[in-house]
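Thanks for coming. Please have the structure open.

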Amino acid sequence: MTVATEETFDPITLEVVRNKLDGIAEEMEVTLFKSSCSPLVKEGLDASASLFTLNGTTLAQACAVPIHLGTLIPAVAEILRTFSVEDMEEGDIYLLNDPYHGGTHLPDIAVAMPVFSEGRPIALAATMTHHQDVGGMSAGSVPTNATEIYQEGLRLPPVRWARAGTFDRTLTDLLRLNVRIPETFMGDLNAQIAACKVGALRLDELARKHGNNALLTIFGLLIDRAELMTREAIRKIPEGTYRFVDWLDNDGIDMDSRVRIEVAAEIRDGEIHFDLTGTSAQVRGPINCVPSGSLAAACFAVKAVTDPLIPNNGGCFRPLRLTLPEGSLVNPRSPAPVNARTATIKRITGCMLSALAQALPDRIPAPPAGQLLVMAFGGRRASGEAFVTGELIAGGSGAGEGVDGVDVVETDATNCMNVPAESMEMESPIRVRQLRLRRDSGGAGENRGGLGLIKEIEILEGVEGAVSFSHRGERHFVPAQGLAGGGEGQCAYSRILRRDGSSEIIPSKMVTQLYPGDRVLVETAGGGGWGNALSRERKSIVADIADGKIGPKAAKDLYGHEAI
Amino acid sequence: MRVGVEVGGTFTDLVAIGKDGVRVTKVPSVPKRPDEGAFNALVASELDISAIEDLAHGSTVATNAVLERKGFPTAFVTTQGFRDILALQRHNRNSIYDLEYQKPAPVVARLDSFEVDERVLSSGEVERQLDEEAVLRELVPRLKDGNYEAVAVCLLNSYVNPSHEEKLRELIKQQLPDLHVTLSSEVTREFREFERASTAAISAYVQPVIDRYIGRFEDRLQEHGFRGRFSVMQSNGGRLPAEAMRQSAVTALLSGPAAGVMGATRQAGRSGYKNLITLDIGGTSTDVCVVTEGKPELTSEFHIDGLPIRIPVIDINTVGAGGGSIVWIDEGGMLRVGPHSAGADPGPACYGRGGQQPTITDAHLIRQTMRPEAFLGGRMNIDVEAARRVFESIAQHFNMSLEEAADSAIQLANANIVRAIQLISTERGKDPRDYVMVPYGGAGPLHAAQVAKDLGIETIVVPPNAGVMSAYGLIASNFVQFESLTRRAVVDQNAGDLVRETFKFMKERALERFEGMGLNSNLRLDFIADMRFVGQAFEVPVSLTEDQIVNLDTAEIRRLFGKAHQKIYFFGEGSEKPIEFVSFRLGTTAELDDLPVLSETPDYRVDEGDIELFDQRKMHKGKLLSRSSLTPERTLKGPLLLEDPTSTLFVPEGWDARSDDQHNLVLERSE
């Protein structure tokens, strides 16, 4: 690669344009968040915005949630393969969500729009939003018991929804008919279009200022520079091959089979190669993960261990290589279901980081709970009005050299906010009965792992019939490991307490029905500990006891602490 | 005489305006004891304290108490089952790539958090009565034994029905009359329990701090014969009488930037400018704000040290670009500026206090757009050679002259500032070209022209003594208080009545409160309904006048909402989708009878004459002048450097400068 064209464009112009491109992506993202309807975007920030060159290389990306890093790349590539740039017109809008055509999972819909300046296409603006419902066998379109993608909702290959500003009525009608809450669905799609329009408007302004040709040359230089920076940063990691293995609980179908994820991270000559050979074959349940997921995981891992200030464009991905065996969990064949792949991406990210922890022991903490418990509730109020609401809950993070883990915090590839109890109660006939730190759940160690959470939810009177409920857990059977002699975090544990006094244990994943008076009690997992627990400072142990983070029994059994 | 004293991180500024004109004083702050710095300023100004009629104060004391967690012992009380709201927060992290991210520490520890048995539902219905006996038996003794100074109460769904919070306060006050009790429903009536709890907890936490600070300050003022009115600045851009502030401490957080915006708004307003983008560039950061029709934009999305506070504050966007921002070369060989800063200590290399990295201030010295004699009115020793030395490696890397390297760094800093302004203007549907720019702060007037040009802004209005705008803003601010009420309701045929009833109730309460403060003349009321499409994430503020409210009907509400939504999000006008109210806000303002006039300091003179300076990649010949030597009759062409005791104004080539009859300098594009 070369940066020899520096004379043509001074570094200041380059940096100013880069700044503008990042700004445009951010402005698109703000528009997306603010005008979306569904709580997942509202509170979960589960959406992202990007600009692409006409050959599909990322120019800039705004994403609040790392799981979206790079995920629009295969989607835009597929759109470009199906509809050539020459055939695109100003005002065209393209849609896609099929994982086997460049998507991620069906609720994530990509919306792309060509950007024109002075009658000529110069780039693409694209957004991805996690929609609240895209049809399929269960409300919320994340059925943990799906065995085929056909059960997961409406599949969209690359399609042209609007031609030169005119929408295809047939497609609109088809979309509306296939989702449970068409108003919300169309509202969120409109937000995506509004975001793309903002991107197109601003990019056109930029092109007018610098000239089309000059701008296209600058794009190329910026991408080359990000590549160079990423290579330099990778060179700072000691060369070698580092391995790590972790497991997912089950695929939601074969409840007793743990699912293996194996990562070999090879650092060599300014490049990083993640080889996932050794990972389980694709599974029957929906935790299969198409390649875009591993790409997002790798992007996050590289950014976190190098320099997050490296400009976020396609150049960063060039020194990255992935080996994803075909037919495996991480490169499944159609029609394997994929809706619950978030857990898989989180675990892949965790494995990549834990592998790299061997090269960078002072930088990377012990494994976190790395779970994002997703619950979905759907039904009708007595008034007949439908409701669908979701809930996202984190566990504890791992302890590192010199620091305890953090209680109840998002880690690795996701960064969702929880849904406030008051928000949930406002939107659905549900009451939150308690919300507290889970004592003793953090892995013991010289530095203690972060604690998980206890949350109890009750279905209120005033619903018609049953409330459909899905629970997508992780770490119910396989704990977060400790590091440097630290202990494991506690596993997650969830139950349904029925009104009649009976109770059911949720084996990590479940789809069932709830009725008024039924309660769901979830306890999320703790993060791994760091170092020998017997070396933990006495005053930290005393403080933890006083604060109720560890009980007297754990203090004695795990930390050898006797109360005086 | 009116006096404003603003305590900043590095300097404490004082502006006194009386019959014999304007007096400006700048002294170093005393970070550990902000009131010490404030008194030093009063002493240094040689003012007769007994002659001060109006003393307005802005201080970092509340902000520092939160940043350093040095408030007094505070307890937190919530609904059974929710003790950990403050610790759990929202589960997300503010810095996603930081593998050892730590959450911001709550101001109240888990040990000091207690639960009461009660439950209100989202409908407002009481599901479980407050167990009053248990409060007296268990909670009160714990509050007593904990030696708490303040307690924050946040019960679930209290935004819709605050009766349990009110009852709880009554019970606590009966037993522990000296304990200060803050109710979440009184601080903010908005839903989302963590944000409301956080607001209440921080509010309770700073209460004793502000209470004592104001008490101590007042005592000391009285010892010196002060008999005037003493008021304190708030982050919403208004002030409150000190007595009232002792009950409303949370609004004192981060009031400094708000004071600056108000000063700029008032002073530019004197010349008839109502639509402004304010630009305050200091040592470590830049604050920008959009002012429309003489009113700064307000927001309720506000954080301190990562902790949310849901009160209306002036919507100021801050970026880490200031005089101290560090200039560096990244691994891809590109020049970058910030976000790291040399801060106040060691500060830029030219301060000669050990700073080894090039900064924006050093770049100005090299370009000669700032003279070493201009720092603190010549009272600071500046090492120009040090500035040149630290820029050498950058110049070599790009094979440039020192001047070109310094100039490039400033262009990049300007690009960062332009981004910050776009975030609050273009990204919210406002076109910067419809605004004039008002720069202030030590370095605002140095960067304004280039930033304005990039945004397409044609006119810049530079207030006199722009370096102490916050201190002027204190005495130029009205008295203001806000309240909000969450009342979620779909817009149906009764919507007009709902709005009328809600605002009638809020208005009565507000008028009563202002009457109590002795502020009952020149009152202005601002009515805002926060609305959205049913199910949408964020609310759009819809401003209403009292006249509009009288005749308001459903169609008119829909029309006003559609218009407001369209402006921000490019869609929504004419939509027939269901819409809803989420909350109602009322701002009450007691306007000042007359505005103090800020003017130049005529006795400040520089050696006027020809100078050379480097800008936009070339050397220019220009003139150095005292700011006070400009008159309305005389239009001068850039390049110019105009100095007053508080800042330097750089007028580049292509801009004309003149003074107007309100002591503002007006810059206009001439090409």
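I start with a pair of strands in chain A: S17 (residues 493-497) and S20 (residues 519-523) pair in the antiparallel sense over five bridges. Pairing here requires that DSSP finds at least two bridges between two strands. Strands (E, at least two residues) and helices (H or I, at least four) are DSSP runs, numbered from the N terminus. Within this pair, A:Ser494 stands opposite A:Val522 of S20(A).

A word on the model: it is predicted, local features need pLDDT of at least 70, side-chain atom pairs count only at pLDDT 80 or more, and totals for chains, interfaces and linings use all residues. Residues are numbered from 1 along each chain as its sequence is written, while chains are lettered from A and ligands numbered from 1 in the order in which they are written.

In chain A, an open sheet of five strands runs S14-S15-S20-S17-S18, with antiparallel pairing. Strands S14 (430-437) and S18 (503-506) of chain A each have a single partner strand, so one side of each lacks a neighbour in the sheet.

Now chain B. Helix H12 (residues 402-424) of chain B spans 34 Å from first C-alpha to last, close to the 33 Å expected, taking 1.5 Å times one less than its number of residues. Of its 23 residues, 20 are buried, so H12(B) is largely enclosed by the rest of the structure. Buried means that 20 or more other C-beta atoms, placed from the backbone, lie within 10 Å of the residue's own.

Last, the domains of chain B: domain 1 (1-47), domain 2 (67-211) and domain 3 (479-590), with bounds from an automatic or database assignment. The C-alpha centres of domains 2 and 3 of chain B lie 28 Å apart.

Note on methods
A residue is buried if 20 or more other C-beta atoms lie within 10 Å of its own, exposed if 12 or fewer, and partly exposed in between; C-beta atoms are placed from the backbone.
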